[in-house]
Amino acid sequence: FRIPTNKNGALHISLRAAYLNLLYGQWLKFENNQLDYHFQDYNLTYFHSLTPKDKLWFNFYYGDDNVGMDEYDTESTTSLKWKNLLSSLHWKHHTSNDATLRQCIYVTRYDNRLGLDMPIASFALPSHTYSYGYKGTFENKNTKAGIEATLHRIKPQSPEIQGQLSIEQTTAHEEKAEEYTAFVDHSLPLGQWCVNGGLKGAIFHNSHDGKTFYSLDPSLSITYKVNEKNTLRASYGWQHQYLARAGFSNIGLPSEFWFPSGKSNKPQYSQSICINYETLMLNGDYSLSAEVYYKDLHHQTEYGGNILDFLTETYNLKDVLLAGNGENYGISIMLNKRTGKLTGWISYAWGRAFRRFDKFRLDKKYPAAHERIHELNAVATYRINDRWSVGGTFVYASGTPFTAPKHFFIMNGQLISEYGEYNANRLKPYSRLDLSANYNLKKTDSHESGINFSLYNALLHRNDVFFRLKIHESKFYYSPTHFLMKILPSISYYCKF
């Protein structure tokens, strides 16, 4: 809804809720294990023009997601709940000398809770990250500068266990930290050349253990415009990061948690260099770009534990985090068609991401948990006429690494696993083709409506979602999990006004 409040202001409100199981319950299954998913979210924005040079607006967002899966063979239920909240107040002012001043105060909150209920026990892994801050920036034609101050309240993953288990877990405490940053960026045009330089300083203080960190990050990029159609750019950057994220899921679900830098977790930092070349072809209808990059990383963290560890041993965050150094490097190329009835782009990227951890049993170089060596993406849209348009998206990517177990055995009624070499296995390559067609029923300057037809995974490729332990008729095995439906057709009506 868009609700004008007066000639200088308006209120925008949007909300939605989805209960997918009402329609697709029979399709949302992992090998006969029922998946339940529903979500809701709300957006509110109020915009007001105070003067011709002053704009004020307020944003609010809230989202709530719930996922649950009933596993009939093990008589267990897995659940994952997460919530997001964002609230911010902005003021934008244009000065008389054509400069812009922006100020913002904000609050962000993120909560998640992973749970597992079994006949003999149940446990949950709650965590949250709250941030409260102020940001101010000043910008004119060639210079941009700003400051930011943020207070973080972070509770890392903290196990809560109930049932017939002798393992007693220690609850993690909420940690408070303050982060202060200041930066300046300046652009210097020199004919066909343009030099951009920047400097960012930061102070991070962990109130929980009293540790304070300081950093000064420079950045530099040089652009050379060969002619009207060809541009060459080289850039270098040094970056520090004081909040890190980890978890035993690499499938895109928000089961991961955040934790701050401190005495036991050093800040992550990296140095990177990148060279990019872009050219326009055939009267500007096509653009071709290529890029090569290298990044040197320090104090990187990955999660080395397993969800079953909480039931067999005492949990300590320091023991399950793998910390070490790494390097990323690769190349990418993209061809983009920008005009005509057929528009779209195709890109290919090759990249490697290696890590070397501090643990004495992991003294080799390993692929990072998120590494995809090859990735191909293609998007195309063809407008047949004023009413009909068709489109397609194709994705192909190498499988990500994972650590597979070598043996499972039962000890004192508990399932124990012995794992093999870290990240020595990979999921099968992921590929998917999506097709769609739009038919415009009516289109005016203020109104548009039509019907959309789409096919998700039109090639019927069965992609691995993740590997997991499965129990069926007293037999244990470790194998990939897939969605029950290979293809998902849909039809929808849209109305824009």
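I started with I203, whose bridge partner in β13 is Y214. I'm taking strands as DSSP runs of E with at least two residues, and helices as runs of H or I with at least four residues, numbered from the N terminus. Before going on, I noted that this is a predicted model, where local features need pLDDT of at least 70 and side-chain atom pairs count only at pLDDT 80 or more, while totals for chains, interfaces and linings use all residues. Residues are numbered from 1 along each chain as its sequence is written, and side-chain values use heavy atoms, with hydrogens and water left out.

Back to the strands: β12 (residues 193–206) pairs with β13 (residues 211–225) in the antiparallel sense over 14 bridges. Two strands pair if DSSP finds at least two bridges between them. I found four residues between β12 and β13 in their hairpin, and G210 in the turn has a positive phi of about 75 degrees.

Next I followed β13 onward to β14 (residues 230–241): seven bridges join them, and they run antiparallel. There, T223 has R233 as its bridge partner in β14. Again a hairpin makes the join, through four residues.

**Salt bridges.** How many salt bridges does a search of the whole structure find? I got 10, counting a side-chain nitrogen of Lys or Arg within 4 Å of a carboxyl oxygen of Asp or Glu.

One of them pairs D41 with R16, with the closest N and O atoms 2.9 Å apart. D41 sits in strand β4 (residues 33–51) and R16 in strand β2 (residues 9–19), so I wrote this down as a link between distant parts of the chain, 25 residues apart. Is D41 buried or exposed? D41 is buried, because its relative accessible area is 8% and buried means under 20%, with exposed over 50% and partly exposed in between (1.4 Å probe, protein chains only).

Then I looked at E327 and K365, whose side chains meet in a salt bridge at 3.9 Å, N to O. E327 lies in strand β19 (residues 321–337) and K365 in the loop between β20 (342–357) and β21 (366–367), so the pair ties together parts that are 38 residues apart in sequence. K365 counts as partly exposed, at 42% relative accessibility.

R352 also forms a salt bridge, with E371, and here the closest N and O atoms are 2.8 Å apart. R352 is in strand β20 and E371 in the loop between β21 and β22 (374–383), 19 residues apart. E371 counts as buried at 2% relative accessibility. I also noted that R352, E371 and R426 are linked in a network of salt bridges.

**T100.** I found T100 in strand β7 (residues 100–117), buried with a relative accessible area of 11%. What does T100 touch, leaving out residues up to four places away in sequence? My list is K92, H93, H94, T137, F138 and E139, with contact meaning heavy atoms within 4.5 Å. T100 and F138 are 38 residues apart in sequence, yet 5.8 Å apart in space, C-alpha to C-alpha.
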